[in-house]
Amino acid sequence: MTKEIKIILEKDNSLKLKCNEKIIDIKENTISSLDIYQLMEYNYGDIYTVKLENNGGKEDIAKPIKEMFDKVVIELNEMKSPDERFEEELNELEDEKIDEFDDL
């Protein structure tokens with residue numbers, strides 16, 4: 001499922017995060033990992049985008065939050081399933097065994 005994380009910067013420089021129908025107010029420019037987890041409702045295979053909506057505030061206030069979410073989204077969008085990770089690790093082990101055999 002494609003999900004958009006919207007960072008909303010209000011005229012009074014307050015920040016809100018919205019993902020689907022959930023909205024979280026950011027107090028004192030901080031947010032907990034639990035808040036992020038609950039906001040995103042991550043499921044394997046979800047693809048996220050990040051958007052800044054400026055309703056008249058100072059954009060520098062939202063910049064650190066946007067940069068953080070940009071990094072989080074890159075990692076989440078590149079996550080592999082447990083099966084894919086297992087397959088990669090198995091292939092690496094097989095390659096190591098072949099290399100060890102070649103050294104004999």
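User: How many aromatic pairs does the structure hold?

Analyst: This is a predicted model, where local features need pLDDT of at least 70, side-chain atom pairs count only at pLDDT 80 or more, and totals for chains, interfaces and linings use all residues. Residues are numbered from 1 along each chain as its sequence is written, and side-chain values use heavy atoms, with hydrogens and water left out. Rings of Phe, Tyr and Trp (its six-membered ring) pair if their centres lie within 6.5 Å. The number of aromatic pairs is 1.

User: Are the rings of Y42 and Y48 stacked or edge-to-face?

Analyst: Planes under 30 degrees apart count as stacked, over 60 as edge-to-face and the rest as tilted. The ring centres of Y42 and Y48 are 6.3 Å apart and the planes meet at 25 degrees, so the pair is stacked.

User: Which class of accessibility does Y42 fall in?

Analyst: Buried means under 20% relative accessible area, exposed over 50%, and partly exposed in between (1.4 Å probe, protein chains only). Y48 has a relative accessible area of 2% and is buried. Y42 has 24% relative accessibility, so its class is partly exposed.

User: In what order do the 4 strands form the open sheet?

Analyst: Strands (E, at least two residues) and helices (H or I, at least four) are DSSP runs, numbered from the N terminus. Two strands pair if DSSP finds at least two bridges between them. The pairing is mixed, and the order is β3-β2-β1-β4.

User: Which are the edge strands?

Analyst: An edge strand here pairs on one side only. That holds for β3 (22-26) and β4 (47-54).

User: What is the bridge partner of K18 in β3?

Analyst: Strand β2 (residues 15-19) runs antiparallel to β3, and 5 bridges join them. Within β3, K18 has as its bridge partner I23.

User: Where do the buried residues of α1 lie around the helix?

Analyst: In α1 (residues 33-40), the buried residues are I36, L39 and M40. Viewed down the axis, they fall within an arc of 85 degrees (taken from the directions from the helix axis to the C-beta atoms). The buried residues therefore line one face of the helix.

User: Which side chain joins that of K6 in a polar contact?

Analyst: K6 is in strand β1 (residues 2-9). A polar contact is a pair of N or O atoms within 3.5 Å; within protein, one must be able to donate a hydrogen and the other to accept it, and residues adjacent in sequence count only if both atoms are side-chain atoms. At 3.3 Å, the partner of K6 is E53.
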